[in-house]
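Here is a short briefing on one predicted model. It begins with a pair of residues and then turns to the wider fold.

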Amino acid sequence: MKTLTKSVSALLVALTLLLSAGCASTNKHEGTGEYIDDSVITTKVKAQLFDEPNLRSGQINVETFKGVVQLSGFVGTRSDIDKAVSIARSVKGVESVKNDMRLK
């Protein structure tokens, strides 16, 4: 009985380790928690861009990977680019901002 208990315990530990490794992140793939965090960051950045009356936020794309926000799309002026970058940087959880926006 003692051997069976040890075997079951060892199996459970191995299974737990395998499952937790499946949720871990790598350089190119996010773990589940990171994906959710990045989704929240993306939503917050989009909401703040939308709330800015001088920006045409529908033309700015926002993507987040491991806290790095990438802004892309077309805007009318350099000050629009600066404002969008400033807004993205102000959101909690943003590690850095990559600016790929272009002037029309």
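Arg-78 and Asp-82 sit 4 residues apart, about one turn of the helix, and both belong to helix H3. Helices (H or I, at least four residues) and strands (E, at least two) are DSSP runs, numbered from the N terminus. The model is predicted: local features need pLDDT of at least 70, side-chain atom pairs count only at pLDDT 80 or more, and totals for chains, interfaces and linings use all residues. Residues are numbered from 1 along each chain as its sequence is written, and side-chain values use heavy atoms, with hydrogens and water left out.

**Salt bridges**

- The whole structure holds 2 salt bridges (a side-chain nitrogen of Lys or Arg within 4 Å of a carboxyl oxygen of Asp or Glu).
- One of them joins Arg-78 to Asp-82, with the closest N and O atoms 3.4 Å apart.
- Asp-82 is partly exposed, at 40% relative accessibility (buried means under 20% relative accessible area, exposed over 50%, partly exposed in between; 1.4 Å probe, protein chains only).
- Lys-83 and Glu-52 also form a salt bridge through their side chains, at 4.0 Å from N to O.
- Lys-83 lies in helix H3 and Glu-52 in the loop between helix H2 (32-51) and S1, so this pair ties together parts 31 residues apart in sequence.
- Lys-83 is partly exposed at 36% relative accessibility, whereas Glu-52 is buried at 18% relative accessible area.

**Sheet**

- An open sheet is built from 3 strands in the order S1-S2-S3, with mixed pairing (two strands pair if DSSP finds at least two bridges between them).
- Strand S1 (60-65) and strand S3 (96-103) are the edge strands, each pairing on one side only.
- From one strand to the next, the twist averages 10°.
- Strand S2 (residues 68-75) runs parallel to S3, and 8 bridges join the two.
- Val-69 has Val-97 in S3 as its bridge partner.

**Helix packing**

- Helix H3 (residues 78-90) lies across S1, S2 and S3 and runs at about 160° to S3.
- Contact means heavy atoms within 4.5 Å.
- Axes are lines fitted to C-alpha atoms, for helices over the stretch in contact, and angles run from 0 to 180 degrees between N-to-C directions.

**Confidence**

- The chain has a mean pLDDT of 80, and 66% of its residues reach 70 or more (pLDDT is the predictor's confidence in each residue, from 0 to 100).
- Confidence is highest in S3, at 97, and lowest in helix H1 (residues 2-22), at a mean of 51.
- Where pLDDT is low, the predicted coordinates should not be read in detail.
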